[in-house]
Amino acid sequence: MRGHDRINTALPDELILEILNRLDSKSSRDASSLVCKRWLGLEKLTRDTIRVGASNNPDSLIKLLARRFVNIKNVYIDEHLSAPGQFALQAFACRRIEVYTSSDVGYLYSHKSRQIWPIEAAKDNGRRHGGDPSALLYPKLRHRTEKRVSEEVEMDSYCLSDAGLTAVSEGFTKLEKLSLIWCSNVTSAGLKSIAEKCRFLRSLDLQGCYAGDRGLAAVGECCKQLEDLNLRFCEGLSDTGLTELAIHCGSSLKSLGVAACAKITDVSLEAVGSHCISLETLSLDSEFINNKGVLAVAKGCPLLKVLKLQCINVTDEALEAVGIFCSALELLALYSFQRFTDKSVILPGSSVMAEYLVKELIKRRMKRRNVFSAHSFWYFFFYVHVSRSLYAIGKGCRRLKNLTLSDCYFLSDKGLEAVAAGCSELTHLEVNGCHNIGTSGLEFVGRSCTRLSELALLYCQKIGNYALSEIGKGCKHLQALHLVDCSNIGDDAIYSIAVGCRNLKKLHIRRCYEVGNMGIIAVGENCKFLTELSLRFCDRVGDEALIAIGRGCPLQHLNVSGCHQIGDLGIIAIARGCPQLTYLDVSVLQNLGDIAMAELGEGCPLLKDIVLSHCRQVTDVGLAHLVKKCTLLESCHMVYCPGITMAGVATVISTCVSIKKVHVEKWKVSQRTKRRAGSIISYLCVDL
């Protein structure tokens, strides 16, 4: 019978839920919820993640969400995201806000503008308010103060408070992951309510929150399954709170991150080392942490796999301990260390390495029942020759796979050679601004680390062509290469990589002025799996290089910004040879014109993002040909293009139904275009 629903009545709720859980895309899940009321109710049960931007009266919004979605396990609240406040008020008042989430993502969405909007909240950066006593003496000042206070009280309604956090704890009792970003009005009371009612909490991320030690201690006492804790810019926290947490739930904690928390020092890290025996990931960014804290963690956390350090007061002694005690380490990142060296020294009896080696010698002697004299003991104790820093890592961390060295000025080729010799399983290496690391260190990596899959060299002026020649010979599995401001690397190096590393998928080169057509042509002829190519401000690269790339590489991402020798011929070759292209940056190409735009429209229908800024020969005609066929276009940057006028901007807006961002000069946007799509247009700022 016409209009009779035969399918819906025959399917049980369990089967429909199973179907909805198997939907991957957000659009499919949203569409399914609009089928009927029954499906809307069932679809709510499948949502487990909510992301909330800053909003007017967020406490009430949280209560509304808690009533609608009962199976939420992950909550992300970020008050740093903002949008026009007037829109926030109107949207909330008209109940035009809905939370669209999938298994791993959620948004605030406006039906009126068809755009995703994080609703704005005016923040007060955590400052508490009060009247000014001097206002009693000065009427004008009192009037201004009262006005300011009333405005600040109104601002408070825009920020998540302890009441909102209590609503989270009461509404989402199955909560496993909570992220609070710049929620400056949240205090220990709110965090305590989360701890008491969300016993299954596994991950807690606090950034820019003013919750104190009592709140963190409550989390430690109640949330015995906590595995991941991230503390950034938490001025209210001190060693007391972190110590209490480590004592109560240290056995479950696996990941800890501390950044810019001035009151967290070595004291709490010693507690972490004593109680968090299961810790696998540690990230520290602090100038108040010294060797003592890192030593404690290294000795007490033998399962440590990931270590990221940006602590200017940590020296070689701490890194030696990591090499000795953290044999399971897989990722090591060292940032801005000016006190690390790789020199061979004679260690005194008080050093960690000497103490460890003496203990090992005693154990071995006792097993062999071999007694030695006190003279020989003290001779050994005070004259142990040990290499420091990266030597200890290379010797003790044989499982290391990922190494990042950034702005470590005193590390040289010797240290890198030591790591390469001992860590043959290394797959990712980044050297950034380490001015004493040169060609010989990279040569050794090429000979020893045959499993290397990604290499990044940034601001390395001493590394030359022969280093990458050895990489090309020895690292056949290399898939990604990043080069930035390496003035001594040229075509010979790129040619060696192209010939030796035929599995290369990503090649990013910026401001390497010795790289030209020869090296890139070799890439096009040999690297048949290359999908991402970025050649930014490489003045010697021209059309011939892109012709070879178009013939041999299935590119999806291309950036040739600032390559002045590239013109229509090169981009036409890309358009005809790379139909899967989705991203293109051709900014600052003075020889690029409308012919290339028309070819791109014909040959690259999947194009989603294009940057045309500073292309002086591109006009409205070429832009019209481009957008006519590239119907999936989502973003278009076209500032400082004198050939593009109001008509061209209007053509982009009216033709591209999926467009989300247009970057252009303000005077090129007509009032009609502004009314039609004002929310997706971002203007070039020229008034500053």
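The protein chain has a mean pLDDT of 82, with 79% of its residues at 70 or more; the model is a predicted one. Where pLDDT is low, the predicted coordinates should not be read in detail.

The chain comprises 688 residues, of which 51% are buried. Its secondary structure consists of 28 helices and 26 strands. Of the contacts with a separation of 6 or more, 77% are between residues 24 or more positions apart.

Two helix pairs were examined for their packing geometry. Two packed helices are described by the angle between their axes and the distance between the axes. For helix α18 (residues 413–422) and helix α19 (residues 439–448), the angle is about 5° and the axes lie 8 Å apart. Because the angle is under 35 degrees, α18 is roughly parallel to α19. On the α18 side, the contact is formed by Asp413, Leu416, Glu417, Ala420 and Ala421, which meet Thr439, Ser440, Gly441, Leu442, Phe444, Val445 and Ser448 of α19. By class, six residues of this contact are nonpolar, four are polar and two are charged.

The second pair consists of helix α26 (residues 620–629) and helix α27 (residues 646–655), which pack at about 5° with an axis separation of 9 Å. Helix α26 is therefore roughly parallel to α27. In this contact, Asp620, Leu623, Ala624, Val627 and Lys628 of α26 meet Ala647, Gly648, Thr651, Val652 and Thr655 of α27. The contact of α26 with α27 contains five nonpolar, three polar and two charged residues. An α-helix has 3.6 residues a turn, so residues three or four places apart point the same way.

Burial was also examined for individual helices. In helix α9 (residues 188–197), the buried residues are Ser188, Gly190, Leu191, Ser193, Ile194 and Ala195. Their cover includes α8 (162–171), β6 (177–181), β7 (203–207) and α10 (213–222). Helix α24 (residues 568–577) has Gly570, Ile571, Ile572, Ala573, Ile574 and Ala575 buried, and the elements covering the buried residues of α24 include α23 (543–552), β21 (557–559) and α25 (594–603). In α14, eight of the 10 residues are buried, so this helix is largely enclosed by the rest of the structure. The buried residues of α14 are Asp316, Ala318, Leu319, Glu320, Ala321, Val322, Gly323 and Ile324.

Thr315 is located in the loop between β11 (306–310) and α14 (316–325). Its relative accessibility is 14%, so Thr315 counts as buried. The side chain of Thr315 makes a polar contact of 2.6 Å with the side chain of Asn291.

Asp485 is likewise a loop residue, placed between β18 (480–484) and α21 (491–500). With a relative accessible area of 16%, Asp485 is buried. Its side chain is joined to that of Arg511 by a polar contact of 2.9 Å. Apart from neighbours within four places in sequence, the residues in contact with Asp485 are Tyr459, Cys460, Gln461, Arg510, Arg511 and Cys512.

How values were computed:
Residues numbered from 1 in each chain as written. Predicted model: local features only at pLDDT ≥ 70, side-chain atom pairs only at ≥ 80, totals over all residues. Heavy atoms only, no water. Axes fitted to C-alpha atoms, helices over the stretch in contact; angles between N-to-C directions. Helix = DSSP H or I, 4+ residues; strand = E, 2+ residues; numbered from the N terminus. Parallel < 35°, antiparallel > 145°, perpendicular 65-115°, else oblique. Contact = heavy atoms within 4.5 Å. Nonpolar A, V, L, I, M, F, W, Y, C, P; charged D, E, K, R; others polar. Buried < 20%, exposed > 50% of the residue type's maximum accessible area, 1.4 Å probe, protein only. Polar contact = N/O pair within 3.5 Å; in protein donor to acceptor, adjacent residues only side chain to side chain. pLDDT = per-residue confidence, 0-100.
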